[in-house]
Amino acid sequence: DSEAFLMKNAKVKLCLQASPMDGDVLLEDCHPQSDLQDWSWQGDSLVNHGTQSCLSVAGADAVQTSLCGTAGSTSWDCSNSLLSPLGSSQGYLMANKKGVTLGNVRGPKAQWQDVADRSVCEEKAEQDRHFPAALASAQVYDHTAGNVTLALGMDQEELEELLWFFRREDPSTWNYSILALSFVAMILGLLLLAINIVRNRKRKLHVYREAAQTTQQAELGAKQALVPVQEYSPAEPPKQEPEPQGERSGEVMVQWKDGTVTSLYTEGSEDAI
């Protein structure tokens, strides 16, 4: 088994997906977790991991999946991200409004990439380069023991288990963990923001109350300073004592404690003088 990859069309940005019911080939949104969108090269054949069937040509321009190794399976030639049936002139595998067909277009509609925007031809070249080396170095025969041992001291079953683990490890757990940590960090940030807002409001209210109290005390002190002045009301004119009747010019009048007013000098007659 070789490493699986998605087959994404460079034009429509949708991925090639095999149907488990009728063998049709569809274009759907890319989902790396879906086995129906996982493809791998086995020689010149493209194998779907969900249906374990190969991508094949049916009729003049139709494409579907069929059992690998049968007469209906198709080998593919891959060059410059273009896939064409090997040994045939039917055109190139392309995407259009109807789905996936064969056509003579060489543009982005007929170019296929993986999820990292690498050409599927690079996937094939990498498999052709590493697969023979892996077979050559995977096991060393120990003729004295009579069994198969590995150069690293592991038997073949352990190596196959490790290869299966690293090839098929599901990244969903890691993705969900990162998503949960991001959610917790967002909640913590919102909580700290709310606490900061409440503290700022309390601080502003405290400063405002202190300012109001200081202003009130200043006004009260000013009012208390003005009270003695306000006791004398300018609106009320000072009372003028009534001028004693019969007062003549030049006389000195004296008001006694009992309220009587008399002249300081008693007027004498001219004859007495």
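The dialogue below goes through disulfides, paired strands and an annotated segment in a predicted model.

Q: How many disulfides does the structure hold, and which pattern do they follow?

A: A disulfide is read from a pair of cysteine sulfur atoms within 2.5 Å. The structure holds three of them. With bonded cysteines counted along the chain, the pattern is 1-2, 3-4, 5-6.

Q: Where do C15 and C30 lie?

A: The sulfur atoms of C15 and C30 are 1.9 Å apart, and the two form a disulfide. This pair links distant parts of the chain: C15 is in strand β2 (residues 15–18), while C30 is in the loop between β3 (25–28) and β4 (39–42), 15 residues apart. The link of C15 and C30 is right-handed, with 90 degrees about the S-S bond.

Q: Is C15 buried or exposed?

A: Buried means under 20% relative accessible area. C15 has 1% relative accessibility, so C15 counts as buried.

Q: Which parts does the disulfide of C54 and C68 tie together?

A: C54 and C68 are joined with an S to S distance of 1.9 Å. Because C54 lies in strand β6 and C68 in the loop between β7 and β8 (76–79), the pair ties together parts that are 14 residues apart in sequence. The link of C54 and C68 is right-handed, with 110 degrees about the S-S bond. C54 is buried at 1% relative accessibility, whereas C68 counts as partly exposed at 33%.

Q: Is the disulfide of C78 and C121 left-handed or right-handed?

A: Handedness is read from the torsion about the S-S bond. For C78 and C121 this torsion is about -95 degrees, so the disulfide is left-handed. C78 lies in strand β8 and C121 in helix α1 (residues 120–137), so the pair ties together parts that are 43 residues apart in sequence. The S to S distance of C78 and C121 is 1.9 Å. C78 is buried, with a relative accessible area of 15%, and C121 also counts as buried, at 14% relative accessibility.

Q: Which strands are joined to β6 by bridges?

A: Two strands pair if DSSP finds at least two bridges between them. Strand β5 (residues 45–48) is joined to β6 by two bridges, and these strands run antiparallel. Six bridges join β6 to strand β7 (residues 62–67), again antiparallel.

Q: Why is strand β6 described as largely enclosed by the rest of the structure?

A: Burial is judged residue by residue. Five of the six residues of β6 (residues 53–58) are buried, so the strand is largely enclosed by the rest of the structure.

Q: Which residues take a positive phi in the hairpins of β6?

A: The hairpin of β5 and β6 has four residues between the strands, and there Q52 takes a positive phi near 55 degrees. In the hairpin of β6 and β7, with three residues between the strands, G59 takes a positive phi near 85 degrees.

Q: Which residues does the "transmembrane region" annotation cover?

A: An annotation comes from a record and can be set beside the model. The UniProt annotation "transmembrane region", from an unreviewed entry, covers residues 174–198. In the model this span is 100% helix and 0% strand, and its end C-alpha atoms lie 36 Å apart.

Q: Which residues make the nonpolar surface patch?

A: The patch, about 670 Å², is made by F183, V184, M186, I187, L190, L193 and I197. M186 is found in helix α3 (residues 172–231). M186 is partly exposed, at a relative accessible area of 46%.

Key:
Residues are numbered from 1 along each chain as its sequence is written. This is a predicted model: local features need pLDDT of at least 70, side-chain atom pairs count only at pLDDT 80 or more; totals for chains, interfaces and linings use all residues. Side-chain values use heavy atoms; hydrogens and water are left out. UniProt positions are given in the numbering used here, feature names are shortened, and annotations may be inferred rather than shown by experiment. Patches are made of residues with over 30% relative accessible area and no salt bridge: like charges are joined within 9 Å, nonpolar side chains (Val, Leu, Ile, Met, Phe, Trp, Tyr) within 5 Å. Accessible areas come from the Shrake-Rupley method with a 1.4 Å probe; for residues, only the protein chains shown count as cover. A salt bridge is a side-chain nitrogen of Lys or Arg within 4 Å of a carboxyl oxygen of Asp or Glu. Buried means under 20% relative accessible area, exposed over 50%, partly exposed in between (1.4 Å probe, protein chains only).
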